[in-house]
Amino acid sequence: MLVSLTSTSPVATDLGFLLHKHPDRVRSVDVGFGRAHVFYPEATARRCTATTYVEVDPLGRTRHRGRRSARGLEPYLNDRPYAASSMLSVALGRLFGTALRGRCDDRPELVARQLDLEIELPVVPVRGGPAVLRGLFEPLGYDLDCAPIALDSRFPAWGDSRYVTARLAGRQTVRSALEHLYVLLPVLDDAKHYWIGPDEVDKLLLRGGDWLRSHPESELIARRYLRLPDFAREALARLADAGEDADFLDTQHDAAERASESPIRLGEQRLEAVLEAVRRVGAGRVVDLGCGEGRLLERLLAEPAVSYAMGVDASVGALERAERRLKLDQMSERRRERVRLIQGALTYTDTRLRGFDVATVIEVVEHLDPERLDVFAEVVFGHVCAASVVLTTPNREHNANFEHLDARGLRHEDHRFEWTRREFEAWAGDVAARFGYGLDISAVGAVDPVCGPPTQMAVFRR
Ligand code: SAH
């Protein structure tokens with residue numbers, strides 16, 4: 001799949017600074033489902049084009065699939081290598097994270113500059129056809145040129161496919177153009193190829209907050225981007241909170257609320273269950289291992305019984321987001337002494353992780369390669385060695401209730417595995433016995449009579 005971004009504003013090669021990608025080089029990164037490359041077919045002062053090309057590895061995806069999913073030839077024969085989908089959006093996020101954050105350290109004055117930009121999408125699936133494409137991009141200030149692609153050019157009578165070729169032109173900052181693509185590609189396709197978690201709402205508001213509020217199709221965008229009515233409702237409500245346009249959005253909010261069948265917000269329920277477990281074991285000094293964007297830390301700091309909270313994560317990006325969420329830079333010195341974020345790995349011993357009453361490990365273990373699990377257990381239970389450990393992980397059996405799974409039938413591209421209830425009990429029981437902990441396993445979220453709960457939680461006490 002391909003997308004090209006062209007600047008015709010002199011000096012057009014400034015695009016390279018804004019994208020943090022040098023026009024003379026090819027840059028490639030792994031994106032989980034394949035490799036993404038950026039290169040410049042043309043780079044002159046008058047016209048400069050950066051092309052992003054994503055190679056999807058369909059067989060790689062197949063090899064990692066769980067034995068349980070049976071979708072016939074679908075993993076071998078699908079449009080993913082060719083059509084600009086949510087996967088392209090993921091790739092743009094990885095390749096151009098700095099540009100999306102609006103940073104250009106070498107030439108900061110360029111960030112806010114509107115350029116004459118063209119975006120070319122040779123093959124993009126559009127549910128609803130060119131009219132939907134126009135409805136999404138024209139209000140953002142783009143001129144559109146788009147043509148449906150015939151199902152088979154040898155048989156015109158068969159009509160058009162659901163794919164179109166699109167060329168958009170508009171005066172935009174590079175950051176806005178990337179945001180528009182990042183949010184709207186999955187909306188056009190209306191089929192996300194990965195598990196939709198609660199942090200998708202944050203992603204949508206982070207990338208779309210500024211322009212989405214006043215977009216006439218904001219409801220369609222939230223609904224398609226987030227896919228789950230609960231999340232769409234939350235996004236629209238938060239947009240409304242932040243905007244002046246409360247009346248207009250209120251009607252959308254109500255409609256979305258009516259459409260929502262399940263009031264369950266799994267992420268929220270999990271946080272509550274973890275906090276309750278932390279309270280029960282007595283809190284004190286808490287370390288959140290794999291803290292991600294700091295959602296739990298935020299709540300821990302609101303607990304009077306938590307005297308000190310530390311977050312550890314391998315990802316610098318996640319830690320940056322945690323820092324912003326916790327507003328560390330605005331904290332008073334006294335509050336600041338109660339919290340700390342550090343970069344670290346859970347598969348290496350690290351003395352900074354010792355001396356805690358409680359360790360929380362929330363939705364992290366499934367991100368580790370199975371062959372690293374023994375080392376992880378050594379570090380968490382043998383070395384960190386907190387008096388109590390609260391650990392949660394998905395229950396794979398429950399996935400039957402979810403519509404949006406990745407090609408392996410798992411909830412997230414980065415999950416290396418997901419355990420059934422028995423597998424989790426076996427692992428947790430073994431760890432508890434080896435390291436001298438008592439064990440209590442419980443359910444989080446609505447329990448399905450056959451498949452069990454969506455999330456499983458183990459509380460280990462020394
Ligand atoms: N606990 C958070 C984040 C879960 S996502 C929450 O519930 O919201 C999993 C997190 O684990 C990611 O932020 C990832 O960067 C981190 N992670 C995965 N493997 C890790 C490792 N080996 N060491 C440290 N962090 C890791």
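I call a residue buried under 20% relative accessible area, exposed over 50% and partly exposed in between, with a 1.4 Å probe and protein chains only. By that rule Val 450 is exposed, at a relative accessible area of 65%.

**Ground rules.** This is a predicted model, so I note that local features need pLDDT of at least 70, side-chain atom pairs count only at pLDDT 80 or more, and totals for chains, interfaces and linings use all residues. Residues are numbered from 1 along each chain as its sequence is written, and side-chain values use heavy atoms, with hydrogens and water left out.

**Val 450.** I looked up where Val 450 sits. I found Val 450 in the loop between strand 13 and strand 14. Helices (H or I, at least four residues) and strands (E, at least two) are DSSP runs, numbered from the N terminus. I then checked Val 450 against His 398: 52 residues separate them in sequence, and 8.5 Å in space, C-alpha to C-alpha.

**Strand 14.** Next I took strand 14, residues 455-461. Six of its seven residues are buried, so strand 14 is largely enclosed by the rest of the structure. I looked for its partners; two strands pair if DSSP finds at least two bridges between them. Strand 12 (residues 388-394) runs antiparallel to strand 14, with seven bridges joining them. In that pairing, Val 389 stands opposite Phe 460 of strand 14. Strand 13 (residues 438-444) also pairs with strand 14 in the antiparallel sense, over seven bridges. Here Ala 443 stands opposite Gln 456 of strand 14.

Seven strands make an open sheet with mixed pairing, in the order 10-9-8-11-12-14-13. Strand 10 (339-343) and strand 13 are at the edges with a single partner strand each, so one side of each lacks a neighbour in the sheet. On average, neighbouring strands of this sheet are turned by 15° against each other, direction ignored.

**Helices across it.** I checked which helices lie across strand 14. Axes are lines fitted to C-alpha atoms, for helices over the stretch in contact (heavy atoms within 4.5 Å). Angles run from 0 to 180 degrees between N-to-C directions. Helix 11 (residues 266-281) runs at about 15° to strand 14, and also lies across strand 8 (284-289), strand 11 (358-362), strand 12 and strand 13. Helix 16 (residues 421-435) lies across strand 12, strand 13 and strand 14, at about 10° to strand 14.

**Trp 158.** Last, I looked up Trp 158. I placed Trp 158 in the loop between strand 6 (143-150) and strand 7 (160-172). Trp 158 is exposed, with a relative accessible area of 53%.
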